[in-house]
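Q: I have a structure open and would like to learn to read it feature by feature. Could you take me through it?

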Amino acid sequence: MHVAPTDIPDVLVLEPKALSDARGHFLESYHRRKFRELTGLDPQFVQDNQSFSVRHVLRGLHYQIQQPQGKLVQVLIGEVYDVVVDLRRRSPTFGKWTGVSLSAATHRMVWVPAGFAHGFLVTSEHALVQYKVTDYYAPQYERTIAWNDHQLGIRWPLERDPLLNDKDARGTDFRTAELFD
C-alpha cells in the first residue's frame, strides 16, 4: 500500500496494491498493522457505513461536534469527488479544504481524521461509498456546513446544480458553525 499526504498533511490518500488477472482483482482494503506502520496511526474502527447515490448527488459537509469520527473512505462502485475541511481552530490548516477523486477503478482511499468535515459529489452514473469510522454515529451531535460556503470556496466539479437532501441544502455557514478547539 502506498500512502501520500494531501495538501493538508493529516489527510492521507491510500492506494492499496491490487492483484489483477483475467478473473478480476484482489486487494487488502484495510490491514491494521500495515496501516499503523505506514501512517503512524492506529485508529480503532467501531462501525462501517455504506452510501449509495446517483450522479450529481452531493452529501455533506458532515461532522460530529462530539464523538468526532475519523473515517477511512473508499468507493466500491463508481467515482466521487471527496472533500475534507479542517475544522480544528488550533491547526495550521484550519479552514482549508482538500479534494481527491476516489473510484472503484483506482481503489484509492482517503483517511479523514476526527475534527474534519467530510462530503462528496458523485461524478459517475452511481456510486457505492463505504467508510470505516472510529466512533459511533450520534445524530444529536451531527452538524452540516454548507457545501457551497463562500468563505471555504470549495471548487466542486459540478456539471449542474447538485442533488441535495434538506439537511445538506440548509447547511450552516462556516463562520457560524460549531468548530473544534
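Q: Leaving aside its neighbours within four places in sequence, which residues is S103 in contact with?

A: Happy to start there. This is a predicted model, in which local features need pLDDT of at least 70 and side-chain atom pairs count only at pLDDT 80 or more, while totals for chains, interfaces and linings use all residues. Residues are numbered from 1 along each chain as its sequence is written, and side-chain values use heavy atoms, with hydrogens and water left out. Contact means heavy atoms within 4.5 Å. Beyond its neighbours within four places in sequence, S103 is in contact with V75, G78, E79 and R108.

Q: Where is S103 found, and is S103 buried or exposed?

A: Strands are DSSP runs of E with at least two residues, and helices are runs of H or I with at least four, both numbered from the N terminus. S103 is found in strand β9, residues 97–103. For burial, under 20% relative accessible area is buried, over 50% is exposed, and in between is partly exposed (1.4 Å probe, protein chains only). S103 counts as buried because its relative accessible area is 6%.

Q: Which backbone nitrogen does the side chain of S103 reach?

A: A polar contact is a pair of N or O atoms within 3.5 Å; within protein, one must be able to donate a hydrogen and the other to accept it, and residues adjacent in sequence count only if both atoms are side-chain atoms. Here the side chain of S103 reaches the backbone nitrogen of T106, at 3.2 Å.

Q: How many aromatic pairs are there?

A: A pair of aromatic rings is described by the distance of the centres and the angle of the planes. Rings of Phe, Tyr and Trp (its six-membered ring) pair if their centres lie within 6.5 Å; planes under 30 degrees apart count as stacked, over 60 as edge-to-face and the rest as tilted. The count for this model is 7 aromatic pairs. One of them is the tilted pair of Y30 and F35, with 5.7 Å from centre to centre and 50 degrees between the planes. Y30 counts as partly exposed because its relative accessibility is 23%, whereas F35 counts as buried because its value is 2%. Ring pairs also link Y30, F35, F45 and W111 into a cluster.

Q: Which residues does a cis peptide bond join?

A: Look at omega for this one. A cis peptide bond joins G60 and L61, with omega about 10 degrees. L61 lies in strand β6.

Q: What is the volume of the largest pocket, and which residues are the closest to its centre?

A: On a 1 Å grid over the protein atoms alone, a pocket is an open set of points with protein on both sides within 12 Å along at least five of seven lines, a cavity is a set of points where a 1.4 Å probe fits but cannot get out, and lining residues have an atom within 4 Å of a point. Grid points are joined across faces, edges and corners, and a volume is the space filled by probe spheres set on the points. The largest pocket has a volume of about 330 Å³. Of the 19 residues that line it, H62, K71, Y131, E142 and K167 are the closest to the centre. Strand β6 gives the largest share of this lining, 5 residues.

Q: How many cavities of 30 Å³ or more are there?

A: The search of the whole structure finds 2. The largest cavity holds about 50 Å³ of space, and its lining includes H62, K71 and F180. Strand β6 gives the most to this lining too, with 3 residues. The second largest cavity, of about 40 Å³, has H56 among its lining residues, along with R55 and E159.
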